Amino acid sequence: AREDIVPDQAVLNISLVSRNVSLQEAKQANDKLADKIVAITREFEIPKNDIATSNLYVSPEYNYPNGKQRMIGYIVNRSLRITMKKLDVHELLLSKVVEAGVDQVSGVEFGLADPESHMAKVRAKAFENAKARAELLAKTAGVTLGKPISISLGGAQPPVMPMPMMKMSMDMRGGAEAASVAPSLPGMSTLSETVSVTFEIQ
C-alpha cells in the first residue's frame, strides 16, 4: 500500500564557517554568527529545541607556496539543523540566513514529524488490500475465505520526501555573490508498506 501525505515540517541544514589566523578569533566569529542565526529563528518563533548543532569541526588551514606546506590559520565549521513546524516560513527564514552571512546551505528537506503514526494507517490499508485480493481469488476458486493464520510485513520503504535545493553563485574569494532561492513547494511525502497474509479457506 502507498499513501501520499502532505509534509508537516521542513528542515534547513546549514554550515557556519569562520577563518582566522587566530583560533580564538575564528571561534568567536563562529559563535557570533551562530548567535545571529538563533536570533533569526526567534523572529519565526522556532523553539530552541528545534535548533541543533550536528557537528563542530576545528582544523588548521594550510596553503602550499612553492610546494611547501605553510599554516595560515584555522577553520571553525559548525553544522546547524533547524526544524520548522510552520512550512510557510521556510523560504523567508532561508533568505534571512543567507543575508546574515551564511554561504553554505545544504538545502531544505520536507518531511513528517511523526511518520510512524502515518505508517499505522498505511499498514491497515495494506492489510485491507491483501484481504480484498484474497476474497476475490477465493470467490473465483469457489471457496470461502476464512480467518488469517499468518501475517508478515515485507518491510516499510523509507519515506520519499521532496528536497528542493538552494543554489548560490560564489565569487573568487569564496563569499556569496548572489543567492537564488527557487520557489520550493512541499509536494507530497510517500509512505509504502507491504503486508503478506495467509488465510484459511473453507
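**Exercise 1. Ser54**

Task: Locate Ser54 and decide whether Ser54 is buried, partly exposed or exposed.

Solution:
- Ser54 sits in strand 3. The model is a predicted one.
- The relative accessibility of Ser54 is 46%.
- Buried means under 20%, and exposed means over 50%.
- Ser54 therefore counts as partly exposed.
- For a distance check, take Asn13. Ser54 and Asn13 are 41 residues apart in sequence, yet their C-alpha atoms are 9.5 Å apart in space.

**Exercise 2. Asn63**

Task: Find the element that holds Asn63, then list what Asn63 contacts beyond its neighbours within four places in sequence.

Solution:
- Asn63 also belongs to strand 3, which spans residues 51–63.
- Its relative accessible area is 26%, so Asn63 is partly exposed.
- Set aside the neighbours within four places in sequence. Asn63 then contacts Lys68, Gln69, Arg70 and Ile72.
- Gly73 lies ten residues along the chain from Asn63, with 9.7 Å between the two C-alpha atoms.

**Exercise 3. Two loop residues with positive phi**

Task: For Glu45 and Asn66, state the loop, the phi value and the exposure.

Solution, Glu45:
- Glu45 falls in the loop that runs between helix 1 and strand 3.
- Phi of Glu45 is near 55°, which is positive although the residue is not a glycine.
- With a relative accessible area of 63%, Glu45 is exposed.

Solution, Asn66:
- Asn66 is in the loop between strand 3 and strand 4.
- Its phi is about 55°, again positive in a residue that is not a glycine.
- Asn66 is exposed, at a relative accessible area of 80%.

**Exercise 4. Asp88**

Task: Where is Asp88, and is Asp88 buried or exposed?

Solution:
- Look in the loop between strand 4 (70–84) and helix 2.
- The relative accessible area of Asp88 is 70%.
- The cut-off for exposed is over 50%, so Asp88 is exposed.
- Now compare sequence with space. Gln9 is 79 residues from Asp88 along the chain, but the C-alpha atoms are separated by 9.8 Å.

**Exercise 5. Helix 1 against helix 2**

Task: Describe how helix 1 and helix 2 pack, and sort the residues of their contact by type.

Solution:
- Helix 1 covers residues 23–43, and helix 2 covers residues 90–99.
- Their axes are 10 Å apart and meet at an angle of about 155°.
- Helix 1 is therefore roughly antiparallel to helix 2, because angles over 145 degrees count that way.
- The crossing of the two helices is right-handed.
- Helix 1 brings Ile37, Ile40 and Glu43 to the contact, and helix 2 brings Leu93, Lys96 and Val97.
- By type, the contact residues are four nonpolar, two charged and no polar.

**Exercise 6. The whole chain**

Task: How many helices and strands does the protein chain have, and in what order do they come?

Solution:
- Count three helices and eleven strands.
- The order is β-β-α-β-β-α-β-α-β-β-β-β-β-β.
- Next, burial. The chain has 202 residues, and 34% count as buried.
- Then the surface. The accessible area is about 12500 Å², with 53% of it belonging to carbon and sulfur atoms.
- Last, contact range. Take contacts between residues at least 6 apart in sequence; 79% of them join residues at least 24 apart.

Note on methods. Residues are numbered from 1 along each chain as its sequence is written. This is a predicted model: local features need pLDDT of at least 70, side-chain atom pairs count only at pLDDT 80 or more; totals for chains, interfaces and linings use all residues. Side-chain values use heavy atoms; hydrogens and water are left out. Helices (H or I, at least four residues) and strands (E, at least two) are DSSP runs, numbered from the N terminus. Buried means under 20% relative accessible area, exposed over 50%, partly exposed in between (1.4 Å probe, protein chains only). Contact means heavy atoms within 4.5 Å. Accessible areas come from the Shrake-Rupley method with a 1.4 Å probe; for residues, only the protein chains shown count as cover. Axes are lines fitted to C-alpha atoms, for helices over the stretch in contact, and angles run from 0 to 180 degrees between N-to-C directions. Angles under 35 degrees count as roughly parallel, over 145 as roughly antiparallel, 65 to 115 as roughly perpendicular and the rest as oblique. A crossing is left-handed if the near helix is turned anticlockwise from the far one by less than a right angle, and right-handed if clockwise. Ala, Val, Leu, Ile, Met, Phe, Trp, Tyr, Cys and Pro count as nonpolar, Asp, Glu, Lys and Arg as charged, and the others, Gly among them, as polar.
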